[in-house]
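Please open the model in your viewer and keep the selection panel at hand. The stops below go from one selection to the next, with a note on what is there.

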Number of protein chains: 2
Amino acid sequence: MQRIPEKYELEKAYKSLKSHVHLTPVLTSNYFNRCSGATLFFKCENFQRMGAFKIRGALYALMQLDKHQRTPGVITHSSGNFAQALSLAASMMGISAHIVMPHNAPEVKKAAVREYGGIIYETGSTSLTREKEAERIRIEKGLTFIHPSNNRNVILGNATAAMEFVHQKSDLDYVIVPVGGGGLAAGTALAVAYYGKNCQTIGSEPFEADDAYRSLLWNKIEYNKTTNTVADGLRTFLGDENFPIIKKYMLKIIRVEEKEIIDTMKNIWERMKIIVEPSSAVALAAVLREKSQFQNKKVGVILSGGNVDLKNLPF
Amino acid sequence: MQRIPEKYELEKAYKSLKSHVHLTPVLTSNYFNRCSGATLFFKCENFQRMGAFKIRGALYALMQLDKHQRTPGVITHSSGNFAQALSLAASMMGISAHIVMPHNAPEVKKAAVREYGGIIYETGSTSLTREKEAERIRIEKGLTFIHPSNNRNVILGNATAAMEFVHQKSDLDYVIVPVGGGGLAAGTALAVAYYGKNCQTIGSEPFEADDAYRSLLWNKIEYNKTTNTVADGLRTFLGDENFPIIKKYMLKIIRVEEKEIIDTMKNIWERMKIIVEPSSAVALAAVLREKSQFQNKKVGVILSGGNVDLKNLPF
């Protein structure tokens, strides 16, 4: 088992990233307060650079590379935000980023990666195919592999979002975070444990991709047989770096139905006038589903990102 | 000709509204700075109560009514944001709001008016029909008519958005505002003239509804023969209360094509992750169209509102 990161390591990540990422705002909504019976605070990582928290982890992981690793460049496999995040972070640091993406990834996502200077390799759509292809290219070109979520420095970088959050709102009772590959979830749980005051982290997941819920239940990393969820950022599974942190510091995971995700997403757009992706709506949907637990509590909701294809909305 | 409001009248409106409306944030965007060559600041009235600046004017107009006017209630005709704004403002003050709307107004807008407690009267879709019906009901019920834009107190209330803006960013060179019925445009021009430091107001309009542009050109209120624009909030025309203010204090009006409006709106959604309505995109589209004027200038853009029908997007 990996050693759980200590407080000074989060401190270091925070100081390193501070001047390179946006301090994203915290919004409130009278409407959702009325709906939930809680007092809600929304940490708007959809306003983060490249539209999601992922730039934090990507950039911090690259900052930790030595000169010999930086020169040839880095590689990852991702069909989503991490592909963009690593491309942008690498271009900020003058490093090459090689991205293995499924050939059927949306054109809008490939275009974003290219815009940030990432070099795309198209491959099959299963994660096994992508992993093998990434490994082949890594060896061939002498690159460093950066996993999108199961990487200690990625977790530390991602933790800085919740560090900001509990600093901006120091009296939160809960922070609710979506759980995908576990990189944001683990970072959030760490930050809340070290910097929160009587605050606990709760995860949220679609029923259709509830691997993390089952992982906590059976005390071992579980996988998804199907991932038939609109929350495309949450189809991945945990790893040995983030699972121990989630197990130790996450109170529980609330699962939500697809209809709840879509309705909540539409409601956030209509009421708050901000664009969030389905994965972000999962966190608020969890609070609305299990209202009783949150009555009169101060609840922080992490809106993880806002990258959506406007031509292909789920509502 | 009406007397142009003086500074102390804006001061009074600001004090009256301060605790009843949101102090909306000012956002920035590196992307649009790069696109325009200017340094842009966006005043986010899309985050205002009921999703648009209109609550400011509606509420301030109602605050000025005496007891004998408040008891029977108020009436307006509007197919858009002012219908919602007057309904919400009236419900906040315990006054009845009667709203004459075209029978073909989108169901989503009627639902919003009802939600805020407004009483709807459906009528024909021409403005003449609506005006006549509103006048009939006004007399029958002894109501006070509140015009959506050509009302002195509505203009004063709307002015508070730009008063906040030039306070939040005191070194703006220009403030760009969309021109519809002229209520926001006149309020903004007044606020910038009285509180800006070497700052000027520029209007923006679709070519397809350029009545205000022609009004400035011919020095009399002009109308639109057709209003074939996606910017549904800008199809109306000026009036005797707001035209003298616009004439005196607005530097000029920039007109934009429909494609520019739609592209800019989509770009704002995708890049800034905020929801704005087409009318708001007109203001930024004007800056992007006439870039040369704004090079290295500090330009404030008023994003007037964010009420859109997600089922019926123009892109």
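How many residue pairs are in polar contact between chain B and chain A? The count is eight, with both residues at pLDDT 80 or more, where a polar contact is a pair of N or O atoms within 3.5 Å, one of which, within protein, must be able to donate a hydrogen and the other to accept it, and residues adjacent in sequence count only if both atoms are side-chain atoms. This is a predicted model, in which local features need pLDDT of at least 70 and side-chain atom pairs count only at pLDDT 80 or more, while totals for chains, interfaces and linings use all residues. Residues are numbered from 1 along each chain as its sequence is written, chains are lettered from A and ligands numbered from 1 in the order in which they are written, and side-chain values use heavy atoms, with hydrogens and water left out.

**The interface**

Select the two sides of the contact, for which chain B gives 20 residues and chain A gives 20 residues; contact here means heavy atoms within 4.5 Å. Between them the chains bury about 1700 Å², 60% of it on carbon and sulfur atoms, buried area being the accessible area (1.4 Å probe) that two parts lose on being put together, summed over both. On chain B, highlight K273(B), I275(B) and L310(B), which supply 37% of the area that this chain buries against chain A, more than any other three residues.

Next, show R271(A) and E115(B), which form a salt bridge with their closest N and O atoms 3.1 Å apart. The count between the two chains is two salt bridges, each being a side-chain nitrogen of Lys or Arg within 4 Å of a carboxyl oxygen of Asp or Glu. Helix α12 (residues 258-272) of chain B contributes five residues, the largest share of the side of chain B that touches chain A; helices (H or I, at least four residues) and strands (E, at least two) are DSSP runs, numbered from the N terminus.

**Two positive phi angles in chain B**

Stay with K273(B), which is in the loop between α12 and α13 (278-289) of chain B. Its phi is positive, about 60 degrees, although K273(B) is not a glycine. Most residues other than glycine have a negative phi. K273(B) counts as buried at 7% relative accessibility, where buried means under 20% relative accessible area, exposed over 50%, and partly exposed in between (1.4 Å probe, protein chains only).

Now move to N198(B), in the loop between α9 (183-195) and β8 (200-206) of chain B. N198(B) also is not a glycine and has a positive phi, of about 55 degrees, but N198(B) counts as exposed, at 77% relative accessibility.

**E260(B) in helix α12**

Return to helix α12 of chain B and select E260(B), which is partly exposed with a relative accessible area of 23%. Leaving aside neighbours within four places in sequence, E260(B) is in contact with A285(B) and R289(B), and a polar contact of 2.9 Å joins the side chains of E260(B) and R289(B).

**An enclosed helix**

Is helix α3 (residues 54-63) of chain B enclosed or open? Ten of its ten residues are buried, so α3 of chain B is largely enclosed by the rest of the structure. The buried residues of α3(B) include K54(B), R56(B) and Y60(B), and what covers the buried residues of this helix includes α1 (7-17), β2 (39-44), α5 (81-93) and α8 (152-168) of chain B.

**Buried positions in chain A**

In chain A, select S29(A), in the loop between β1 (26-27) and α2 (30-36), which counts as buried at 7% relative accessibility. The side chain of S29(A) reaches the backbone nitrogen of F32(A) at 3.1 Å, and, not counting residues up to four places away in sequence, S29(A) touches F42(A) and M272(A).

Then go to T188(A), in helix α9 (residues 183-195) of chain A, which is buried with a relative accessible area of 0%.

**Cysteines**

Finish with the cysteines: the structure holds zero disulfides over all chains, a disulfide being a pair of cysteine sulfur atoms within 2.5 Å. For C44(A), the nearest cysteine sulfur is that of C44(B), 12 Å away, and C44(A) is buried, with a relative accessible area of 0%.
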